[in-house]
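These notebook entries record what I looked up in one structure.

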Amino acid sequence: MTDHPMPEPLLSITDLRVAFATRGGLVRAVDGVSLEVRAGECLGIVGESGSGKSVTFASVMGLIRPPGRIEGGSIRFGGRDLVGLDPAAYRRLRGREIAMTLQDASTSLNPALTVGTQITEVLLAHAEDLPAGHGPRRRAARQRAIDMMRLVGIPAAEGRLDDYPHQFSGGMRQRMMIAIALSCRPRLLIADEPTTALDVTIQAQVLELIAGIRATLGMSVVLITHDLGVVAEYCDRVAVLYAGQIVESGPTAQVIAAPRHPYTAGLLRSVPVLSDLDRPIQPIPGQVPDLVDLPEGCRFLPRCALAHAACHAAVPMRGLGAGRAARCVLAEAAP
Amino acid sequence: MRPALLLQRLLHLVPVLLGVTVIVFLMMSLTPGDPAEIMLANQNATPEQVASLRHDMGLDRSLPVRFASFVGNALRGDFGQSLFHRRPVADVIAERLPATIELSAAALIFALLVAIPLGVVAAVHRGGILDRLATVGSLFGVSLPGFWFGILLLLAFAVNLRLLPVSGAIDFAHQPPTVTGFLTIDSLLSGRLDSLGNALAHLLLPAVTLGLPMAAILMRVTRASMLEVLRQDYITFAEAKGLSRARILALHALKNALLPTVTVAAIETGSLLGGNMVVETVFGWPGLGRLVVESIFVRNYPLVQAAVLLYAVTYVLVNFVADLLYTVLNPKVRM
């Protein structure tokens with residue numbers, strides 16, 4: 001992080017609330033999340049399954065479907081509010097300005113269509129600078145698809161357009177999904193658990209690829225993961241989600257060096273460190289609370305070793321200076 | 001599919017068809033009642049005359065010998081003489097077959113045209129009014145007996161409203177010159193639009209009667225498989241690419257959802273032939289089904305035997321075609 005004034009954020013989410021109607025009651029999957037993504041930066045989103053990290057960004061993509069509903073808040077992207085945006089305008093935005101990759105490329109690519117179809121269709125749907133006429137348009141889209149496949153490191157790209165996803169290896173499929181997502185050179189890429197489904201050796205390749213393309217295209221990246229190691233390596237800033245709320249956010253290096261929320265600290269203690277294998281791994285005791293019937297106070301309270309009387313009342317996010325914030329009564333601004 | 005593989009699949013058909021032939025032959029041979037005695041039952045024939053006829057029909061030879069000669073003759077297209085028509089069975093069947101194929105094809109087209117759009121709409125608007133109507137309607141479609149529904153249609157459209165003809169495949173005045181035996185095709189070949197209109201008017205009610213139960217089943221299969229497909233990651237990814245709703249449904253979802261529909265359609269096409277007997281009888285359709293019913297009544301064994309064998313062979317071949325279609329829809333099967 002530098003000290004020069006912050007540019008207008010590319011994406012800014014304010015007090016977002018998303019709930020799902022279930023038989024057991026209203027599940028508040030996202031409950032007052034606010035965050036910003038600045039132009040060109042990489043923001044890490046960390047949290048367990050069910051913490052609301054994927055739902056938050058499905059909301060950004062406009063992909064919340066009934067029984068889910070955005071109950072309140074705003075999502076500003078490039079100067080306009082996306083909540084309540086009409087479907088046609090949203091379609092023009094998705095894939096062109098905001099792109100998303102999903103966790104598992106082997107289930108996210110359509111098994112019945114060639115990868116060529118799946119990448120050119122995005123270009124044909126969005127790209128405005130393709131030549132006129134059916135034939136020339138298609139040829140230009142194919143050429144651009146090949147260029148993008150080369151960019152993500154797919155060997156012999158021009159010969160692979162007519163292949164089906166099952167003819168690619170796991171790592172190549174992931175690259176293909178990234179190529180599809182980036183084909184219209186979006187301003188923001190949301191990568192939802194891009195490495196979870198991959199072998200360890202390929203994980204690093206895919207992350208390096210995303211980092212490299214981010215630099216080449218100058219786009220912003222949101223990296224959704226449950227792996228703090230990935231965040232430490234690739235993200236400028238990080239936001240930690242717990243039970244539908246952000247519990248801590250700030251520049252990655254500082255958050256990891258000195259976490260200000262007991263949950264972040266717990267997450268760090270539960271990750272094995274290669275340089276210090278003697279240090280015991282300490283899992284966080286207890287379980288994520290039921291999102292239907294949440295207590296008013298701190299949501300981490302039942303699992304917290306530092307529980308306090310003040311924790312039973314609602315705990316707001318506290319600014320700690322230097323771009324940091326934490327949702328804990330014990331967090332104090334650095335002197 | 002590669003030619004070698006196609007050949008291999010075709011060779012797989014040989015043992016199946018042989019098995020079918022054995023079963024058909026045994027069924028006819030082991031049915032109680034001696035054809036020779038039945039044929040001569042009302043003619044006060046002497047035992048010598050019966051024995052002589054048995055010899056002429058080859059019934060005095062052993063079962064294996066009779067089977068071998070049955071197969072040998074069948075391979076040359078010789079199914080013996082129709083006892084009732086005093087003409088070769090093959091000729092009699094060939095005369096009636098086009099009408100049945102025409103009716104089955106019309107029923108299949110009707111079923112697919114109704115089932116696929118309705119199944120897709122029902123799945124997309126799951127729980128909506130159209131979905132419920134379609135579900136209830138399909139229950140009726142499956143449950144209504146063909147002979148009753150056919151008579152109902154006849155009463156409504158032919159007898160009361162006088163919009164459509166009561167029976168037959170074409171009116172004598174509109175009979176086109178016979179080229180293929182298919183009335184619609186012959187009408188087109190001879191350029192007689194009046195014949196075409198007349199043939200289609202005759203075709204409508206029997207095709208609807210025959211196709212309705214199939215449409216009902218296919219609608220349910222399409223709906224269920226569409227619901228399954230719409231939950232897949234690749235649909236979410238397609239949405240994230242900003243594609244139009246129409247493209248997502250018609251290409252990304254339907255191409256995958258049609259796999260079970262094609263399988264069931266093939267099985268149902270096989271059973272269309274069985275349903276034909278009832279529908280052809282109700283509508284006085286000059287097809288194979290009615291011929292078989294008539295032949296059973298007059299104990300015309302050679303014809304029934306040949307027809308049953310034809311049904312079985314058709315069934316097997318239709319499923320073979322479904323396998324081929326499968327490879328078009330599902331690239332993973334393509335090798």
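The entries below go from the model as a whole to each chain and then to the contact between the chains.

**Entry 1. The model**

I noted at the outset that this is a predicted model. I then looked up its scores and found an ipTM of 0.90 and a pTM of 0.82.

**Entry 2. Chain A as a whole**

I began with the secondary structure of chain A, which consists of 10 helices and 12 strands. I next asked what radius of gyration chain A has and how that value stands against a compact globule. Along the principal axes, the C-alpha atoms of chain A fill a box of roughly 70 × 50 × 45 Å. I recorded that 42% of the 335 residues of chain A count as buried. I also looked at contacts in chain A between residues at least 6 apart in sequence, and 63% of these join residues at least 24 apart.

**Entry 3. An open sheet in chain A**

I traced an open sheet of 4 strands in chain A and wrote down its order as β2-β1-β4-β5, with antiparallel pairing. Which strands stand at the edges of this sheet? They are β2 (25-37) and β5 (80-81) of chain A; each has a single partner strand, so one side of each is left without a neighbour in the sheet. As background, I noted that strands of a sheet pair through backbone hydrogen bonds, either parallel or antiparallel.

I then followed the pairing of strand β1 (residues 11-22) of chain A with strand β4 (residues 68-77) of chain A, which is antiparallel and runs over 8 bridges. I looked up two positions in this pair. A:F20 has A:G68 in β4(A) as its bridge partner, and A:T14 stands opposite A:S74 in β4(A).

On to β5(A): its antiparallel pairing with β4(A) has 2 bridges. Here A:R76 stands opposite A:D81 in β5(A). β4(A) and β5(A) form a hairpin with 2 residues between them, and A:G78 in the turn has a positive phi of about 55 degrees.

**Entry 4. Backbone details in chain A**

I searched the backbone of chain A for particular geometry. A:P66 and A:P67 are joined by a cis peptide bond, with omega about 10 degrees. I placed A:P67 in the loop between α1 (53-60) and β4 of chain A.

I next took up A:E193, which is not a glycine and yet has a positive phi of about 45 degrees. A:E193 lies in the loop between β7 (188-192) and α7 (200-217) of chain A. Is A:E193 buried or exposed? A:E193 counts as buried, because it has 20 C-beta neighbours inside 10 Å.

A:A243 is a further residue other than glycine with a positive phi, here near 50 degrees. I found A:A243 in the loop between β9 (237-242) and β10 (245-251) of chain A. A:A243 is buried, since 22 other C-beta atoms lie within 10 Å.

**Entry 5. Chain B as a whole**

I turned to chain B and counted 13 helices and 2 strands. Its C-alpha atoms fill a box of roughly 85 × 55 × 40 Å along the principal axes. Of the 335 residues of chain B, 36% count as buried. Among contacts in chain B with a separation of 6 or more, 71% are between residues 24 or more positions apart.

I looked up how chain B is divided and found domain 1 (3-79) and domain 2 (97-297). The centres of these two domains of chain B, taken over C-alpha atoms, are separated by 35 Å.

For confidence, I recorded a mean pLDDT of 86 for chain B, with 98% of its residues at 70 or more.

**Entry 6. Where the chains touch**

Conventions:
Residues are numbered from 1 along each chain as its sequence is written. Chains are lettered from A and ligands numbered from 1 in the order in which they are written. This is a predicted model: local features need pLDDT of at least 70, side-chain atom pairs count only at pLDDT 80 or more; totals for chains, interfaces and linings use all residues. The radius of gyration is taken over C-alpha atoms; the globule rule is 2.2 Å times the number of residues to the power 0.38. A residue is buried if 20 or more other C-beta atoms lie within 10 Å of its own, exposed if 12 or fewer, and partly exposed in between; C-beta atoms are placed from the backbone. Two residues are in contact if their C-beta atoms, placed from the backbone, lie within 7 Å. Two strands pair if DSSP finds at least two bridges between them. pLDDT is the predictor's confidence in each residue, from 0 to 100. Domain bounds come from an automatic or database domain assignment.
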